[in-house]
Amino acid sequence: MTRQTAQNLNLLSDCAILVGASAIACSLPGQPHWHWMVFLGMSAGSMLLWTLGGRLLRHYDVWNGRGIAGDVALTALLLSSVLIAMGVLRWFVPAYAAGSHLARFALLAVPAILWLRLMTSWLVHREQPVQPVLIMGIGPLGRHTGLGIHEQQDHRRVIGYLGFSDEPSHDRLPAELMGSANDLESVLKKEVVGEVFIAGNGDSQRAEMQDAIRVLERFGIPFALPACGFRFGRARPEHESVIADGYIHYVSVRHKPVQLAIKRLIDIAASATALFFLSPIMIAVALTVKLSSRGPTLFKQVRVGRHARPFNMLKFRSMVVNAEELKAKLIARNEQSGPVFKMTRDPRITPVGRFIRKYSIDELPQLINVLRGEMSLVGPRPPVPSEVSKYEAWQRRRLSVRPGLTCVWQVSGRNEISFDEWMYLDMQYIDHWSLAQDLQLILKTVPVVLSGRGAS
Amino acid sequence: MEIDGKRTILLVEDHPPERDAIRRILVSKDFNVEATADYHGAIAWLAKSIPHLVCLDLTLPRESGFELCEYMRGDQRLRVVPILVISDRSSPEDMAHAENVGANAFLKKPFTREKLLKYVITLLDGPHASRPSVRRLRRT
């Protein structure tokens, strides 16, 4: 079953559960009559709220990249919002609908929808996205490695080979020959690569292998080295699971799966709470933006997310509608080194825009991006695609984590540092990431935002 | 060497149950099977005659299958005899080592009767019987 089918089935079954729960809630014994009005209101209302909320949170997006814990937490959040909304709506139609209707409805729908989501999420995550693999080395080792991956028929796919300089090229490879070991850097800039197998000989190809390792560490791309290099007639590793495929696998960014799951849960809880309490301000700002100048309330900008996947980052519009076209004329007056555009008295900003930017209110809609799983509270700021295309090799490592609302740079003194220093700080954050540091950064961000210091 | 028009396969495998199982499969297809348990037994037999194919286990009591491959590829008479390695050591490195010392194909244990026969027949009769492609076999 593909992800798309799983998600579509999930949507259909969720709607069926909502209708079914409404029907049962209205027809249980103890009720004097079958309240078809209540049933209609309940099922239509819940489905409408559910699909609206689901759309806002990208609940049925195929590639949401949220993880099972995050997915289930978000479902719970969506369910409670729908129930609260239904509870509020009930006050307007008190004639038939009793509180017990809603309680019974919740009792039936909540566990069913949660359980279903858990199952779908589990199914979808088992079917991981295709991981593109690059193999260096076109000798027997490289070829057998590629054939082995091919045979496994798992989520990995060999996209190509790079040959070492002393290897004759030949045609028996299971994937395209993309160049030589020297081309590694340019290939990594062009292609999305999940892991590189360095199928070389530690004696004769040592220098080239070492160079490749340096490049891969700079890019932050996982790689694998042959486990031994020696020939064994009899001996085998005592713990075979360590080198199940004959390779030792290395990663440049340390995995902290439990902390990452906790981070995601904190993101969901905190952004949902913040959205709830800030909603009066946000509605007021939305109205002011809408009424004070021509154009839409929200500004959607394509930014580059985790693993270089683009997403729409949301902001309150603070500039005039044709801001992007004006940018080309102003580019000569850029005040930030590197590929980012910054300018202190940018004429494209509206008066209301200047105020909401000063206090970072324009960034508040990004809480929705956080709920959706496209962003996190703390993480490197998401770059625009044109910035990414100008990145140097080591800077691409920024894309290995979920981007965030705030990071080391934002609390350091904000705009007054150079692009390279900024990238360096982000890299420091990625390499030494911890939950405790995240909390510290959030706490440090609050005074910086409230004082309006450094923002423009 | 053909006996009654049957082609001869030298089977080098030290574990008797496996040796018997492979022998039974090959004999059922009308091959003449000579079995031996180790490197020295194989060398002694090869000194007297030349088989059409050698089926070889890598893990042997004293010298390993790799050494037998090296010996055969260094011998003028035995250089062209196809070698099928049958082993449960099947990491890409093991397979690359086997290929580097001159094995023509690599069959992973455990295997089915059909798979063994297909490997054997491809090595003996395939369109490129003299230099069979490991890849063509493994693809199927």
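## Close-up views of a predicted two-chain model

**View 1. The contact between chain A and chain B in the predicted model.** Chain A brings 26 residues to this contact, and chain B brings 25 residues. The area buried between chain A and chain B is about 2100 Å². Carbon and sulfur atoms account for 46% of that area. On the side of chain A, the residues that lose the most area to chain B are A:H144, A:R172 and A:R231. Together these residues make up 33% of what the side of chain A buries.

**View 2. Salt bridges and polar contacts between chain A and chain B.** Five salt bridges are counted between the two chains. One salt bridge joins the side chains of A:R143 and B:E99, at 2.2 Å from N to O. Helix α5 of chain A, residues 140-152, supplies the largest share of the side of chain A that touches chain B, namely eight residues. By residue class, the side of chain A that touches chain B consists of twelve nonpolar, six polar and eight charged residues.

**View 3. The largest nonpolar core.** This core has 50 residues. The residues with the most contacts inside the core are A:M42, A:W50, A:F105, A:L371 and A:Y429. Helix α8 of chain A, residues 257-292, gives the most to this core, with six residues. Another core, of 24 residues, lies apart from the largest one. Among the residues of that other core are B:L68, B:M72, B:M95 and B:A98.

**View 4. The surroundings of A:F105.** Neighbours within four places in sequence are left aside here. A:F105 is then in contact with A:L18, A:A21, A:S22, A:A25, A:M42, A:S46, A:L83 and A:M86. Both A:F105 and A:M42 are listed with the residues that have the most contacts inside the largest nonpolar core.

**View 5. A:F223 in strand β5 of chain A.** Strand β5 covers residues 223-226, and A:F223 is part of this strand. A:F223 has a relative accessible area of 5% and therefore counts as buried, the cut-off being under 20%. Leaving aside neighbours within four places in sequence, A:F223 is in contact with A:E195, A:V196, A:I198, A:I213, A:L216, A:E217, A:I248, A:H249 and A:Y250. A:F223 and A:Y250 are 27 residues apart in sequence, and their C-alpha atoms are 5.4 Å apart in space.

Terms used:
Residues are numbered from 1 along each chain as its sequence is written. Chains are lettered from A and ligands numbered from 1 in the order in which they are written. This is a predicted model: local features need pLDDT of at least 70, side-chain atom pairs count only at pLDDT 80 or more; totals for chains, interfaces and linings use all residues. Side-chain values use heavy atoms; hydrogens and water are left out. A nonpolar core is a set of buried Ala, Val, Leu, Ile, Met, Phe, Trp, Tyr and Cys residues joined through side-chain atoms within 4.5 Å. Buried means under 20% relative accessible area, exposed over 50%, partly exposed in between (1.4 Å probe, protein chains only). Helices (H or I, at least four residues) and strands (E, at least two) are DSSP runs, numbered from the N terminus. Contact means heavy atoms within 4.5 Å. Buried area is the accessible area (1.4 Å probe) that two parts lose on being put together, summed over both. A salt bridge is a side-chain nitrogen of Lys or Arg within 4 Å of a carboxyl oxygen of Asp or Glu. A polar contact is a pair of N or O atoms within 3.5 Å; within protein, one must be able to donate a hydrogen and the other to accept it, and residues adjacent in sequence count only if both atoms are side-chain atoms. Ala, Val, Leu, Ile, Met, Phe, Trp, Tyr, Cys and Pro count as nonpolar, Asp, Glu, Lys and Arg as charged, and the others, Gly among them, as polar.
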